[in-house]
Amino acid sequence: MALSQLLSSSSRSGNRLKSLSSAISLRHPISTDTTPITVETSVPFTSHQCEVPSRTVQTNAKELLTFFRDMALMRRMEIAADSLYKAKLIRGFCHLYDGQEAVAVGMEAAITKKDSIITAYRDHCTFIARGGTLLEVFAELMGRQAGCSRGKGGSMHFYKKDSNFYGGHGIVGAQVPLGCGLAFAQKYCKDEAVTFALYGDGAANQGQLFEALNISALWDLPAILVCENNHYGMGTAEWRAAKSPAYYKRGDYVPGLKVDGMDVLAVKQACTFAKEHALKNGPIILEMDTYRYHGHSMSDPGSTYRTRDEITGVRQERDPVERIRKLILSHDLATEKELKDTEKEVRKEVDDAIAQAKENPVPDSSELFTNVYAKGLGVESFGADRKEVRATLP
Amino acid sequence: MAAIFQGVGAAEALSSSPFNSFDSNKSIFSPRRSFSVRKGASFAVVRSDGTVNLNLKGRRAQQLISNAVATKADSAAASSSSKPGHELLLFEALQEGLEEEMDRDPHVCVMGEDVGHYGGSYKVTKGLAKKFGDLRVLDTPIAENSFTGMGIGAAMTGLRPVIEGMNMGFLLLAFNQISNNCGMLHYTSGGQFTIPIVIRGPGGVGRQLGAEHSQRLESYFQSIPGIQMVACSTPYNAKGLMKAAIRSENPVILFEHVLLYNLKERIPDEDYICNLEEAEMVRPGEHVTILTYSRMRYHVMQAAKTLVNKGYDPEVIDIRSLKPFDLYTIGNSVKKTHRVLIVEECMRTGGIGASLTAAITENFNDYLDAPIMCLSSQDVPTPYAGTLEEVTVVQPPQIVTAVEQLCQ
């Protein structure tokens, strides 16, 4: 840690120090330095019916290195999931989030665990950001007992109640009314917290979204609707699906903000702004301009409706992990080698989790019937031989 | 169509028969009833002034009373004040249950169209908005899909919303939310979230409401795993089931009936609930088990009067719990009588009767002396014309004929 402090405190350390650090590098340093660093977001924000948050963001070495590590972890996890799927250890649907990590990480950095997040089926990384473990992810993907939903949910049904992560939903758009319901409950119980309801550019055309938005605006609910616009609704480009692809403006009377979703600091800034806004003024829409490298799901190659050049272009110019890497290197917060070591560590973590998950047993057959109903007030289903009738007041 | 039944305060003595249960015939059948479905047997004739001439041995033709008490015989007319409990209409019983639960638990809230300031389209939530405020009794816009979804989302955090569909048929718009989110979230989250929501509303065939407003959704919802369905039929069980549904940790769909809201009954003053999974024995008997629920209970009870006159002894069970079935009560009855007749308002195809027939056949086939008969509504959209509408649902004469056939 002394090394990194040396590195960060002296603004432009000479090559000597750098070579010294690389020679001595044993443990990878996560800097605990919190001296503020000022960075500008890649592009300014554009807003609809509200004022624009500042383009200048305060951050520090610790935060940036945490961002890097988290995003690298998510990236590695998704790529590992890809291989597992091809090895037929993961079946059914698997929607991968690589390319969009900045949204999950930036959002988490702006809020607390008291705020709620609900999202659609591309939920692996959001689950990790909310505090889920890699073992839970891989075990659930492979349908094992240690999974976060005990193997009964699958890729599209990750939930973490204790950190207010409400999933994990397969039907496009159905999570948005749920999210507004979460916001309603927060208002009802006076929680002073907000709900982020995430959906995609495909779901932005669902009627229930506008219904829920209307009710949220009417009742002043602290709901923040976040459109993760990766420009493709499965195989349909946004301009072929939406007459008005300016999703942040489609709230009409609800203010909106357009954010570069590949820039984790911009996401963090926007979410902080949105949380403040929602607690005072009711709902707001955030449009995250982001991109997914994989296809819609594992059955979609992702190249029939877009060119490989486009994909590699985005990867070269806008990749969120690369952006942070460049930022860290340019501010000398860590060396190239240290970052590579972080990535190696992360890779090892992921591999360990996969190995552990593979050892985990599949759910017992009795689990088929558990959790269909919650017990309470005479609610168990008895067969034809039910021996007694129960009706006691709780 | 709200005021179907006029509550008659003083109960006329219909005393000696222990099963003079059903007497609200006067209004369920329109006075100009023609009984075009008569099958040659003698049956009750409803005259235009609403009185029923029953061929009762040793009893005079009596004025019908609208007191649709299931099993109790009202002995004296005037002593209503000295009797325990209080008298009210079914919608008032629902309101009482709802109000008591909202008093008891601040997490209970009501969401629906016109439930607040308007007081509810069937007056079930009348007065609640004034008492509990706008945050607990919420008027929603006409957006069933989203406000049902919002109720489910709120329930995930521990709130206990009561969602009202103004007519059950409108909940078809929220089918995705009810099926996928409401029913399945407890399972797909591995038990992390419970959805203690109540979804209620009036359904069933009313008085010439037209096809779209006469839906019986219990047949569509019955295969959704993870929900419970109950149907109320008397003020007593309406209040009890409402309270139990609110207190239950599971999502419960409470089916009310448009034509039963003005039934009057005396219910206990003290706090009580009805078991959500239990069937109600309306009239014990020996010869045949008649299983029914909701409005058809009253048609059955009317038919029962005729049957008794003819010497039959039907056992009438109001199954109340549509999912899961109370196979214990039903099974015991089947073991006793060996003949089963199901009378339901669902359509023949894929209705509650169809599932119940399958369940009884699977479990009690050895006890049956005859195949199960199931009388259901016709598989047609409910027509507007009154005469046609009558024919789509099961009428008491058909029930009488069916029992006679079954008991040959």
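**Notes on the predicted two-chain model**

1. On secondary structure, chain B has 13 helices and 16 strands. If you look at contacts in chain B with a separation of 6 or more, 82% of them join residues 24 or more positions apart.

2. For chain A, the UniProt record (an unreviewed entry) carries the annotation "domain: Dehydrogenase E1 component" over residues 69–364. In the model, that span is 46% helix and 10% strand. The C-alpha atoms at its two ends lie 36 Å apart.

3. The largest nonpolar core has 78 residues, and the members that touch the most others are Phe184(A), Phe221(B) and Ile360(B). Helix H7 of chain A (residues 175–188) gives the most to this core, with eight residues. Apart from this core lies another one of 75 residues, including Ile111(A), Ala139(A), Phe158(A) and Leu339(A).

4. Phe221(B) deserves a look of its own. Which residues does Phe221(B) touch, leaving aside those up to four places away in sequence? Its partners are Leu171(B), Phe175(B), Ile178(B), Ile227(B), Met229(B), Ile253(B) and Phe255(B).

5. The largest pocket has a volume of about 390 Å³. Its lining consists of 25 residues, and Tyr121(A), Arg122(A), Val172(A), Gly200(A) and His296(A) lie nearest the centre. Strand E5 (195–200) and strand E7 (232–233) of chain A are the elements that give two or more residues to this lining.

6. Finally, a glycine in chain A. Gly173(A) sits in the loop between helix H6 (134–141) and H7. Is Gly173(A) buried or exposed? Its relative accessibility is 1%, so Gly173(A) counts as buried, the cut-off for that label being under 20%. Not counting residues up to four places away in sequence, Gly173(A) touches Ala203(A), Gln206(A) and Gln208(A). Between Gly173(A) and Ala357(A) there are 31 Å in space, C-alpha to C-alpha, and the two are 184 residues apart in sequence.

Methods. Residues are numbered from 1 along each chain as its sequence is written. Chains are lettered from A and ligands numbered from 1 in the order in which they are written. This is a predicted model: local features need pLDDT of at least 70, side-chain atom pairs count only at pLDDT 80 or more; totals for chains, interfaces and linings use all residues. Side-chain values use heavy atoms; hydrogens and water are left out. Helices (H or I, at least four residues) and strands (E, at least two) are DSSP runs, numbered from the N terminus. Contact means heavy atoms within 4.5 Å. UniProt positions are given in the numbering used here, feature names are shortened, and annotations may be inferred rather than shown by experiment. A nonpolar core is a set of buried Ala, Val, Leu, Ile, Met, Phe, Trp, Tyr and Cys residues joined through side-chain atoms within 4.5 Å. Buried means under 20% relative accessible area, exposed over 50%, partly exposed in between (1.4 Å probe, protein chains only). On a 1 Å grid over the protein atoms alone, a cavity is a set of points where a 1.4 Å probe fits but cannot get out, and a pocket is an open set with protein on both sides within 12 Å along at least five of seven lines; lining residues have an atom within 4 Å of a point. Grid points are joined across faces, edges and corners, and a volume is the space filled by probe spheres set on the points.
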